[in-house]
Number of protein chains: 2
Amino acid sequence: MAVQLAHRMASIKESEIREILKVTQQPDVISFAGGLPAPELFPIEAIDRVQHLVLQESGTQALQYTTTEGYPPLRHWIAERMNSRLGTDFDADNILITHGSQQGLDLSGKVFLDQDDIVLCESPTYLAAISAFKAYGCRFIEIPTDQQGMDMEALEAALASTERIKLIYVIPTFQNPTGKTWNLKKRQQLAELASKYNVAVIEDNPYGELRFEGEDLPSVRTFDKTGQILCTGSFSKIFCPGFRIGWIAADKELIRKYVLIKQGTDLQCNTIAQMVIAKYLELYDIDEHIQKIAALYKKRRDIALQAIQRYFPENISYTYPQGGLFTWMELPENASARHLLELALQSKIAFVPGGSFFPNNPKENTLRLNYSNMSEERIDAGLQTLGGILKEYLARL
Amino acid sequence: MAVQLAHRMASIKESEIREILKVTQQPDVISFAGGLPAPELFPIEAIDRVQHLVLQESGTQALQYTTTEGYPPLRHWIAERMNSRLGTDFDADNILITHGSQQGLDLSGKVFLDQDDIVLCESPTYLAAISAFKAYGCRFIEIPTDQQGMDMEALEAALASTERIKLIYVIPTFQNPTGKTWNLKKRQQLAELASKYNVAVIEDNPYGELRFEGEDLPSVRTFDKTGQILCTGSFSKIFCPGFRIGWIAADKELIRKYVLIKQGTDLQCNTIAQMVIAKYLELYDIDEHIQKIAALYKKRRDIALQAIQRYFPENISYTYPQGGLFTWMELPENASARHLLELALQSKIAFVPGGSFFPNNPKENTLRLNYSNMSEERIDAGLQTLGGILKEYLARL
């Protein structure tokens with residue numbers, strides 16, 4: 001290529017997941033790789049009706065440009081929903097509609113990060129958050145994370161000893177990739193440390209509504225006395241991802257900054273998609289819909305974990321998610337999930353090796369398994385095959 | 001605010017147009033400010049039918065995640081359209097679907113620009129392109145531009161004498177804000193200079209299909225022997241803007257880079273919007289639709305230019321656009337379009353002062369007038385009022 005690209009392009013690699021997903025588009029592949037919702041639950045008929053109503057009632061508005069901030073009734077609904085489910089205290093002006101919650105991460109990089117700034121994150125963390133932030137030239141510090149959340153001593157040690165920390169990025173509920181959920185105390189401690197060290201927190205929460213058991217926990221934001229916690233959310237997992245509608249919620253002064261940045265980035269989100277979702281929320285019972293999704297994923301999680309227990313060797317460990325889409329597995333130290341994937345793909349089984357979820361220090365003996373996107377029969381059959389392949393692989397090591 | 005933002009935030013200002021547009025949402029304001037298409041021509045019934053068909057035929061696909069590259073039939077249509085209308089030689093793999101052509105500009109900033117790199121642009125140029133590129137810390141050099149396009153001697157002088165020029169950004173057809181169109185020779189010269197100095201060109205073309213008279217001109221890309229010209233396009237002006245679907249077309253190697261960058265930015269564009277547009281293009285005659293739009297805008301341009309001739313003072317000049325949405329006016333040197341706007345708003349008339357369209361050296365005696373978004377009666381009445389206000393203002397100067 002004769003033309004010269006930006007330096008950041010040297011560090012931007014093909015996304016392993018996206019490449020695996022291409023393989024998995026073959027219909028005979030059993031894929032635990034993606035994070036795709038179950039399409040059989042998309043409310044197609046309701047959406048069809050709602051789209052028709054929106055075009056009938058306000059077609060010219062739905063197809064025209066709108067404000068960068070987003071469609072007011074939708075912003076209002078999101079604020080109320082967060083307040084009632086997560087204990088926050090938002091109104092519509094605290095909400096910016098984004099092109100999926102992924103855009104919330106990209107805009108956060110643009111608003112907060114200069115070259116060589118530092119982002120603190122869980123270890124492991126969401127792979128596409130690493131890509132989003134890395135495009136702004138930041139570095140990462142991985143904070144050790146156990147069953148209850150980040151290690152707060154390690155977090156404070158990093159905050160106290162490191163210059164240029166600009167963001168702490170966390171997914172405290174049904175984390176991607178591990179499925180783990182932070183306890184209440186760690187949520188409170190995080191808010192206190194963020195305030196003490198003047199660092200902004202991005203609390204990413206795409207899965208929080210998909211709880212199978214146990215009690216809902218409040219947002220980290222409820223412990224925020226200084227306005228430093230920003231929350232992202234999404235309709236992708238509770239409605240459908242094709243519309244690409246998510247949001248970021250934060251103090252109004254910060255939301256104004258995000259609006260300015262979004263103007264130059266893509267002007268605004270899809271008008272009709274915002275109006276269709278708002279109309280659906282007005283006419284239908286989303287709680288009932290979410291209950292259906294959660295019930296199905298619970299059944300699939302149960303099938304998946306039973307299959308792992310039945311078919312997998314004993315010298316592995318895996319998480320028991322109370323909600324969300326993923327379980328996380330650790331193989332013996334000397335195993336490589338990338339090698340296992342090569343073997344699995346020969347038998348038309350796919351998953352994501354865990355290494356990509358660590359920005360600095362990949363643990364190659366880990367892997368992520370999704371259970372939301374396939375029938376129970378395929379989950380069981382696929383894990384039986386994968387368990388056999390793993391046993392053989394470990395025996396040969 | 002306790003938390004610290006990125007340095008770029010210091011230079012990101014409220015967009016003047018967006019703020020003016022908020023004022024113009026009052027129904028009694030006559031606005032020449034926005035660049036909004038005529039909503040009465042949105043094909044609402046056709047879209048209603050097509051949305052229903054897409055959901056019926058492939059609902060789960062339309063509501064699910066899809067590839068970053070975009071929906072293959074839509075990418076294919078775009079390549080064929082550009083080849084037949086603009087003389088390019090693209091196939092589907094040369095096309096990335098973007099969230100409006102604005103996202104094509106943002107992604108171009110991300111792919112090409114490091115802090116303190118330089119972008120060359122027409123003077124004046126599209127205001128939101130300035131915002132998009134500026135977010136990546138670049139500086140601008142404005143190249144003088146006359147009725148036929150950029151001054152090629154000035155362009156070569158800048159290219160020959162300046163380090164770190166990474167992009168040349170141009171809108172050669174029905175330019176925003178001036179309505180001017182580059183001649184064939186300048187298009188060829190631009191491609192040759194870009195190649196000679198190894199600089200990439202973004203040829204932005206949102207209005208090219210809206211020609212009222214005269215002959216279509218080929219894309220700058222048709223003169224590109226070294227793969228350095230990138231083209232952006234959009235369905236916003238020929239279909240409707242609410243869907244936020246545009247594209248960038250370039251060499252495949254470059255498109256791969258854009259795909260990687262888009263993955264971390266927002267994963268993909270709205271799936272159902274892409275499928276709805278593709279289905280519309282399959283079932284309906286877009287040429288017929290575009291002819292209707294162009295006929296209406298031609299009538300409105302004629303009314304606008306006649307009204308200017310009739311009601312405005314003689315010591316001004318303005319462009320005669322052969323297509324697109326805007327005319328550009330220069331007042332006497334000592335006049336300020338910002339002052340004129342203050343007076344005009346008192347009479348409920350809005351337009352955009354030209355100063356914002358110059359990244360470095362605002363000419364405050366200029367303004368942009370849009371004629372696409374209002375009835376002919378309002379255009380005539382609004383310009384009669386504005387002409388009177390301008391005469392009075394100039395008399396008092």
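Q: How many residue pairs are in polar contact across the interface of chain B and chain A (both at pLDDT 80 or more)?
A: This is a predicted model, where local features need pLDDT of at least 70, side-chain atom pairs count only at pLDDT 80 or more, totals for chains, interfaces and linings use all residues, and side-chain values use heavy atoms, with hydrogens and water left out. Residues are numbered from 1 along each chain as its sequence is written, while chains are lettered from A and ligands numbered from 1 in the order in which they are written. A polar contact is a pair of N or O atoms within 3.5 Å; within protein, one must be able to donate a hydrogen and the other to accept it, and residues adjacent in sequence count only if both atoms are side-chain atoms. Across this interface, the number of such residue pairs is 30.

Q: Which helices of chain B each supply at least two residues of the side that touches chain A?
A: Helices (H or I, at least four residues) and strands (E, at least two) are DSSP runs, numbered from the N terminus. The helices of chain B that qualify are H1 (16-23), H2 (44-63), H4 (100-112), H5 (127-134), H8 (252-266) and H9 (271-283).

Q: What area is buried between chain B and chain A?
A: Buried area is the accessible area (1.4 Å probe) that two parts lose on being put together, summed over both. Carbon and sulfur atoms give 58% of the total here, which is about 7200 Å².

Q: How many residues apart in sequence are the parts that A:Arg75 and A:Asp93 tie together?
A: Their side chains meet in a salt bridge (3.8 Å, N to O); the rule is a side-chain nitrogen of Lys or Arg within 4 Å of a carboxyl oxygen of Asp or Glu. A:Arg75 sits in helix H3 (residues 72-86) and A:Asp93 in the loop between H3 and strand E2 (95-98) of chain A, so the separation is 18 residues.

Q: Which residue does a cis peptide bond join to B:Ser123?
A: Most peptide bonds are trans. Here, though, omega is about 5°.
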